[in-house]
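Here is a friendly briefing to read alongside the structure below. Keep the viewer open as you go through the points.

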Amino acid sequence: MGEEGSLLIIVITLVISFVIGITLNHFWPLFFNNYGTTLHVIPKGTFGWPLLGETLSFLKPHPSNSIGTFLQQHCSRYGKVFKSHLFFSPTVVSCDQDLNYFILQNEDKLFQCCYPKPIHGILGKVSLLVAVGDTHKRLRNVSLSLISTIKSKPEFINDVETLALQILQSWKDKDQVRYWEEARKFSFNVIVKQVLGLTPDNPQSALILQDFLAFMRGLISLPLYIPGTPYARAVQARSRISSTIKAIIEERRRKHVVDGDSKKNDFLEILLCVDTLSEEEKVSFVLDSLLGGYETTSLLMAMVVFFIGQSQTALDQLKEEHDNIRSTKEKELLNWEDYQKMDFTQKVINEALRYGNVVKFVHRKALKDVKFKDYVIPAGWKVLPVFSAVHLDPSVHPNALHFNPWRWESDEQISKKLTPFGGGSRCCPGFELAKVEVAFFLHHLVQKYRWEVEEGEQPIAYPYVEFKNGLTIRLHQNST
């Protein structure tokens with residue numbers, strides 16, 4: 001046999017060894033694990049194909065107000081808790097209310113945040129979204145303090161309402177708008193004003209928005225760092241955004257030296273006075289704030305308008321609530337006391353969060369063998385608590401596949417029944433600010449307009465949520 005034949009045999013042997021190695025690595029946890037967990041107590045399920053497992057089926061797009069074919073089939077076959085192989089890891093998927101709550105309440109004790117490595121590449125290693133342990137606790141404490149300070153300032157509420165009125169004013173001569181685009185414009189204008197003190201017409205706002213859109217597209221793309229790919233462009237966009245933020249920080253500090261009284265009432269001003277964060281953490285903190293305040297808030301705004309547009313009874317009651325609030329005022333702006341009167345508005349927001357599912361699931365891993373009821377979750381396995389499955393579970397929410405804001409007349413066990421912003425120590429710290437923005441925008445929207453949603457529109461989970469046609473709505477001005 002010649003050299004070419006020997007080389008071919010070596011190549012074939014290596015390929016076969018590689019395939020066998022991947023296959024064994026994939027299925028090994030089914031038969032044995034180093035922690036002594038026996039097979040019969042691990043949830044039932046299947047690992048699917050080597051390497052990819054069932055990831056592609058799990059991520060298959062479906063309406064966000066449904067759990068999708070994958071979860072329907074697996075829950076029917078294996079129950080609400082089952083094993084799978086997702087994101088290159090043996091995984092326990094939970095569609096169970098009690099287990100989800102247990103996972104969220106035991107962060108850093110039994111479970112830990114564990115997002116795929118490519119997400120770290122875009123968000124950065126000190127991002128609040130991926131940080132764990134003491135680093136996360138320190139960042140979260142700063143975040144809660146900052147948000148509490150911002151929320152109590154009348155400037156925040158006034159800015160939200162003023163920017164909402166500007167958006168609605170731009171609709172004056174229109175009979176239809178692409179609402180999701182308008183919601184994104186509004187939420188971005190609010191967040192850059194509150195975080196960086198920038199107005200919509202500031203050139204830096206447009207620069208940040210351009211890079212931010214590239215950043216968002218890469219966050220949900222195939223993680224291949226090849227020049228020209230969405231992922232590579234996102235990493236580059238994050239670098240540019242970071243440079244822009246650093247420049248704004250330096251300019252702000254320079255002005256403080258020149259004029260010590262020229263301080264602004266924004267997030268950045270307070271952040272600069274925090275001594276417990278490094279410069280890199282402050283920049284990452286600003287980026288996290290932009291991300292949370294932009295995408296989640298705009299999507300919630302879109303969800304509310306989408307569902308309300310199909311429920312005349314809910315729209316009528318919503319309008320009545322806001323007409324009553326406005327009747328006690330003249331042209332003055334809303335305040336925190338007005339927000340606290342928006343009782344039905346809160347029910348509408350809660351129901352949109354439940355039925356629309358802004359966030360489908362989160363990534364966790366088991367830090368040790370975890371026993372829960374009849375299950376054992378082996379140490380090192382990925383754990384995915386699926387929020388949408390609980391939100392759409394008819395045993396938890398009667399008539400779960402119907403939009404019904406009145407179901408929230410009772411707040412009984414709401415923290416277990418509704419987890420749109422996560423829970424426990426990783427619950428989104430800015431969720432109340434998002435609700436304020438949505439409520440204030442609705443206050444003026446329902447007084448000025450009625451609307452119809454374009455036929456065939458639907459929120460689709462990819463698992464990130466998008467409206468497939470941009471949520472075009474036809475506007476009808478109210479006569480009074």
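Thr 345 sits in helix α15, which spans residues 343-356. This is a predicted model, and Thr 345 is buried in it, with a relative accessible area of 0%. Beyond its neighbours within four places in sequence, Thr 345 is in contact with Leu 318, Glu 321, His 322, Ala 439 and Leu 442. The C-alpha atoms of Thr 345 and Val 438 are 9.1 Å apart, while the two residues are 93 residues apart in sequence.

**The model as a whole**

- The protein contains 18 helices and 13 strands.
- Of its 480 residues, 52% count as buried.
- If you take the contacts between residues at least 6 apart in sequence, 71% of them join residues at least 24 apart.
- Mean pLDDT for the protein is 86, and 89% of the residues reach 70 or more.
- Residues 32-40 are a stretch to treat separately: pLDDT stays under 50 there, and the model has 7 contacts for these residues beyond four places in sequence.

**Nonpolar cores**

- In soluble globular proteins, nonpolar side chains tend to be buried together.
- Here the largest nonpolar core has 115 residues, and Trp 171, Tyr 179, Phe 215, Phe 441 and Trp 451 have the most contacts inside it.
- Helix α12, residues 279-308, supplies the largest share of this core, with 17 residues.
- What does Phe 441 touch, leaving aside neighbours within four places in sequence? Its contacts are Ala 164, Ile 167, Leu 168, Trp 171, Tyr 179, Phe 186 and Met 301.
- There is also a second, separate core of 14 residues, and Val 81, Val 92, Phe 111 and Val 383 are among them.

- Strand β2, residues 81-86, runs antiparallel to β3 and is joined to it by 6 bridges.
- Leu 86 has Ser 89 of β3 as its bridge partner.
- The hairpin of β2 and β3 has 2 residues between the strands, and Phe 87 takes a positive phi near 55 degrees in this hairpin.
- Strand β9, residues 382-385, runs parallel to β3, with 4 bridges joining the two.
- In that pairing, Thr 91 stands opposite Lys 382 of β9.

**Helix α4**

- At the start of α4, a side-chain oxygen of Asp 96 comes to within 3.2 Å of the backbone nitrogen of Asp 98.
- Which residues of α4 (residues 97-105) are buried? They are Gln 97, Leu 99, Asn 100, Ile 103 and Leu 104.

- Ser 205 belongs to helix α9, residues 203-219.
- Ser 205 counts as buried because its relative accessibility is 3%, with under 20% as the cut-off.
- Apart from neighbours within four places in sequence, Ser 205 is in contact with Phe 188, Val 192, Leu 198, Thr 199 and Pro 200.
- Gly 293 lies in helix α12 and also counts as buried, at 9% relative accessibility.
- Gly 293 touches Ser 187 and Ile 191, not counting residues up to four places away in sequence.
- A separation of 7.3 Å lies between the C-alpha atoms of Gly 293 and Phe 188, which are 105 residues apart along the chain.

**An open sheet of 3 strands**

- The order in this open sheet is β1-β11-β12, and the pairing is antiparallel.
- Strands β1 (62-63) and β12 (465-467) stand at the edges with a single partner strand each, so one side of each has no neighbour in the sheet.
- Strand β11, residues 459-461, is joined to β12 by 3 bridges, and the two run antiparallel.
- Ala 461 stands opposite Val 465 of β12.

Methods:
Residues numbered from 1 in each chain as written. Predicted model: local features only at pLDDT ≥ 70, side-chain atom pairs only at ≥ 80, totals over all residues. Heavy atoms only, no water. Pairing = 2+ DSSP bridges. Core = buried A, V, L, I, M, F, W, Y, C linked by side-chain atoms within 4.5 Å. Buried < 20%, exposed > 50% of the residue type's maximum accessible area, 1.4 Å probe, protein only. Contact = heavy atoms within 4.5 Å. Polar contact = N/O pair within 3.5 Å; in protein donor to acceptor, adjacent residues only side chain to side chain. pLDDT = per-residue confidence, 0-100.
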